[in-house]
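Colleague: Could you take one part of this model and walk me through it closely? I would like to hear what it touches and how it is tied in.

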Amino acid sequence: LFDYLPQNSMIIAATNQKEMVDDALLRRFDLSVKFNLPTVKQIQELISLTLKNGQFAFDNKTKVTEVIKLSKGLSYYSIQKTLITAIKRSIFNQAEKVKPLTTKISTTVWKELIIEEKKSLAK
């Protein structure tokens, strides 16, 4: 692959499981950049950005702090994916009720999704 590309080409690859990539392939890249997992503050910022333009609020603000701490060790992608899934499930659960002005995000559902995500990545 690399022998056929013009010299002015740039290839960018990303993985969160570098140990599974063959060393021979990794040696062909001139530069490797590592992105650290988000801190609690960065997770809070991600949540704010994710919820910025929506009509969403958490059902239990105390539990949000607990779920954020539980989210440490996960990637931005995993955290955002679980939050969006929790929003979808919360909307679905409220669908039969009167439509509120603000959808309440179930922190219990989000916490369960974070735990499932951590278990799936630990395998």
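Modeller: Happy to! Helices here are DSSP runs of H or I with at least four residues, strands are runs of E with at least two, and both are numbered from the N terminus. The model is predicted, so local features need pLDDT of at least 70 and side-chain atom pairs count only at pLDDT 80 or more, while totals for chains, interfaces and linings use all residues. Residues are numbered from 1 along each chain as its sequence is written, and side-chain values use heavy atoms, leaving out hydrogens and water.

Let's begin with Ser-78, which is found in helix 4. Ser-78 is buried because its relative accessibility is 4%; buried means under 20% relative accessible area, exposed over 50%, and partly exposed in between, with a 1.4 Å probe and protein chains only. Setting aside neighbours within four places in sequence, Ser-78 is in contact with Glu-117 and Leu-121, where contact means heavy atoms within 4.5 Å. Phe-29, by comparison, is 49 residues from Ser-78 in sequence and 26 Å from it in space, C-alpha to C-alpha.

Glu-117 leads us to a salt bridge, that is, a side-chain nitrogen of Lys or Arg within 4 Å of a carboxyl oxygen of Asp or Glu. Its partner is Lys-81, at 3.0 Å from N to O. Since Lys-81 sits in helix 4 and Glu-117 in helix 5, the pair ties together parts that are 36 residues apart in sequence. Glu-117 is buried, at 10% relative accessible area, whereas Lys-81 is partly exposed at 32%.

By this rule there are 2 salt bridges. Lys-111 and Glu-66 form one of them, with the closest N and O atoms 2.4 Å apart. That pair joins distant parts of the chain, with Lys-111 in helix 5 and Glu-66 in helix 3, 45 residues apart. Lys-111 is partly exposed at 29%, and Glu-66 is partly exposed at 37%.

Now for the nonpolar core, meaning a set of buried Ala, Val, Leu, Ile, Met, Phe, Trp, Tyr and Cys residues joined through side-chain atoms within 4.5 Å. The largest has 18 residues, and Trp-110 and Leu-83 are among those with the most contacts inside it. Helix 2 (40-51), helix 3 (61-71), helix 4 (76-94) and helix 5 (107-122) each give two or more residues to this core. Beyond neighbours within four places in sequence, the contacts of Trp-110 include Ile-47, Phe-58, Val-67, Ile-79, Leu-83 and Ala-86.
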